[in-house]
Each structure stands twice: as C-alpha cells, then as structure tokens.
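Please walk through this structure step by step, with the model open beside the text.

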Amino acid sequence: MKTIISPKTLAVLTLAALPMLASAQLSANVSLVTNYKTRGQDQDVREGQLRPALQGGFDYSHSSGFYAGNWNSTVNFQTSATGPTANLESDLYAGYIFATGELSWDAGVLRYHYTGASAVNTTELYLGVGWGPLSAKYYHTVSDDYFNAAGSALGSGLKGKGTGYLNVAYAQEIHPNWTLKASLGYTSYSSDIALPNYVDYSVGAVYALGDGFSVSGAMVGATKKNSFLGKADGKSVNANTLVMMFTKKM
C-alpha cells in the first residue's frame with residue numbers, strides 16, 4: 001500500500017529530523033589491496049601471489065552511539081565444487097557503541113551478502129570491548145549456515161548456526177604517522193561442520209600519508225593449513241601472505 005504524505009507533514013518530519021542530522025556524520029572509504037583475507041583465509045582462490053581486490057564502503061555515525069554502514073569487496077571463490085562463483089561481497093551492519101569507565105563497548109549485527117552465490121550469505125551478532133590499545137570482539141552466527149561450511153543451502157540437512165569467532169587486537173601509535181597493529185583470532189565451528197577449529201593471525205603497520213591517505217602492510221595467515229587446501233593451485237587458503245593496502249578515507 002502506498003502512503004501519501006502531505007507537504008505540511010513532510011516539512012514537520014524534516015524539521016524534526018534536523019537535530020539528528022546535525023549530530024550525525026557520514027564518511028566513506030576506498031582501498032586497493034594486494035590480497036583479500038578474512039579471518040586468515042583467502043577470499044580469492046585463483047593462482048598467483050598477487051590477487052588484487054577493490055574495496056570500499058560508507059559509514060553513518062550518530063552522536064548517540066548508533067552507527068550503520070556498508071562495505072564491499074571483490075572476491076573470487078566457488079560456493080562448492082560445482083557451485084556458482086562469488087564475485088562480490090557486500091556487508092551491511094548496524095550497531096551501538098558506548099563507554100563504561102575506561103572500557104568502550106560495541107554491539108551490533110553484521111550481514112554478509114554474496115552476489116550470485118546466496119548459499120554463502122551469513123548473519124552474525126557481535127559484541128566487542130576495548131581498553132586503550134587493546135580490543136576484543138566476539139561474533140556469533142545466527143543464520144542457518146556459516147559461509148556454506150555445513151552445506152545447509154544445498155540440502156545437506158546440517159547447520160552452521162552457533163559458529164563463533166573471537167578476535168583480540170592491538171593497535172598503538174609507535175611514531176608520528178606510524179601505527180603498529182597485531183591480532184589473533186579463533187574460529188570455533190558448530191558441531192555440524194566437519195572442519196577443524198583454527199587460529200588466524202596478523203602482524204603489520206599502517207603509515208598515514210595525510211589528507212585521508214594511508215598505506216599498510218601485514219603478514220596474514222592461519223593454522224591448520226593442510227585442512228584448508230582450497231586454492232586453484234592446490235595450496236592452502238590459510239597460507240601466510242604479505243598483504244599490502246592503499247586506502248583513502250573521506
């Protein structure tokens with residue numbers, strides 16, 4: 001049903017929204033990365049050392065602590081041995097940040113959508129806490145499957161719901177314009193997923209070039225490499241990889 005709003009009502013609604021718009025902030029970002037990895041795993045399984053990805057998104061943040069955004073990246077992997085190839089990942093998220101004493105908190109929902117490969121779509125709830133340069137965030141899968149790991153959308157009768165991911169990160173400016181970053185993550189699969197739990201890691205640094213530009217580099221990888229041999233050349237998607245990124249924030 002289509003609702004018609006009178007010009008007078010529209011004017012009232014616009015005026016009512018002005019305080020919220022005045023205290024809100026919109027931002028955008030775009031990046032070019034040599035290799036795209038999520039939780040230590042390659043999201044482009046083609047052969048070669050360099051498999052560049054174009055990434056970018058938009059963010060809305062309000063002074064109340066509410067935020068929402070969209071982030072996108074090119075990818076290249078099949079949903080199964082005979083399934084369609086995913087070429088674009090689009091993430092939608094919304095949440096709320098607040099502080100209690102010296103702790104900062106972040107709670108929200110995150111939806112991963114893959115164009116042309118809906119079997120991989122996944123939804124997670126997350127809760128994070130930060131203290132100085134340290135932060136930790138836990139993600140919990142609430143969709144039927146976790147990136148098609150259980151094959152739920154393909155009629156396996158199994159589910160990936162309940163899969164959890166914990167990430168602990170450190171970020172500290174060590175010199176003007178230089179920030180050291182490191183993280184450890186742990187993926188705990190649901191009982192229906194026949195894959196071993198594993199640890200991922202990342203160690204690197206970011207250099208701020210000014211005017212919103214930055215360049216970063218990190219060594220990224222994960223354990224249990226022999227259990228995740230998903231690349232076209234037979235190598236592991238968990239392999240250690242030097243990832244370089246050039247970013248512009250607006």
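Seven salt bridges are found in this structure, which is a predicted model. Start with R39 and E124. Their side chains meet in a salt bridge, with 3.0 Å from N to O. R39 sits in the loop between β2 (37-38) and β3 (41-42), while E124 belongs to strand β8 (residues 122-131), so the pair ties together parts that are 85 residues apart in sequence. Are these two residues buried or exposed? Both R39 and E124 are buried.

Next come K137 and D106. A salt bridge joins their side chains at 2.9 Å, N to O. K137 is in strand β9 (residues 134-141) and D106 is in strand β7, so far apart in the chain that 31 residues separate them, and the pair links these distant parts. The two partners fall into separate classes of accessibility. K137 has a relative accessible area of 22%, which makes K137 partly exposed. D106 has 15% relative accessibility and counts as buried. The cut-off explains this: buried means under 20% relative accessible area.

A further salt bridge brings together the side chains of D144 and K161, at 3.8 Å from N to O. Both D144 and K161 lie in the loop between β9 and β10 (164-175), so this pair ties together parts that are 17 residues apart in sequence. D144 is partly exposed, at a relative accessible area of 39%. K161 is partly exposed too, at 43% relative accessibility. Salt bridges can also form a network here. K37, D42 and R51 are linked in this way.

Where does V220 lie? V220 lies in strand β13. Its relative accessible area is 11%, so V220 is buried. V220 and N238 are 18 residues apart in sequence, and their C-alpha atoms are 8.6 Å apart in space.

Now turn to the nonpolar residues. In soluble globular proteins, nonpolar side chains tend to be buried together. The largest nonpolar core in this model has 28 residues. Which of them touch the most other members? They are V75, F77, A86, L110, Y114, Y126 and Y189. β5 (66-78), β6 (85-100), β7 (103-114) and β13 (213-222) each supply at least two of its residues.

Setting aside neighbours within four places in sequence, Y189 is in contact with Q41, Y146, T163 and F228, among others. A run of residues from L195 through P196 and N197 to Y198 also touches Y189.

How many residues line the second largest pocket? The lining has 32 residues, and Q41, F77, Q78, F147 and V237 lie nearest the centre of the pocket. β3, β5, β6 and β7 each give at least two residues to the lining. β5 gives the most, with three. By type, the lining divides into 17 nonpolar residues, 12 polar and three charged.

Definitions and conventions. Residues are numbered from 1 along each chain as its sequence is written. This is a predicted model: local features need pLDDT of at least 70, side-chain atom pairs count only at pLDDT 80 or more; totals for chains, interfaces and linings use all residues. Side-chain values use heavy atoms; hydrogens and water are left out. A nonpolar core is a set of buried Ala, Val, Leu, Ile, Met, Phe, Trp, Tyr and Cys residues joined through side-chain atoms within 4.5 Å. Buried means under 20% relative accessible area, exposed over 50%, partly exposed in between (1.4 Å probe, protein chains only). Helices (H or I, at least four residues) and strands (E, at least two) are DSSP runs, numbered from the N terminus. Contact means heavy atoms within 4.5 Å. A salt bridge is a side-chain nitrogen of Lys or Arg within 4 Å of a carboxyl oxygen of Asp or Glu. On a 1 Å grid over the protein atoms alone, a cavity is a set of points where a 1.4 Å probe fits but cannot get out, and a pocket is an open set with protein on both sides within 12 Å along at least five of seven lines; lining residues have an atom within 4 Å of a point. Ala, Val, Leu, Ile, Met, Phe, Trp, Tyr, Cys and Pro count as nonpolar, Asp, Glu, Lys and Arg as charged, and the others, Gly among them, as polar.
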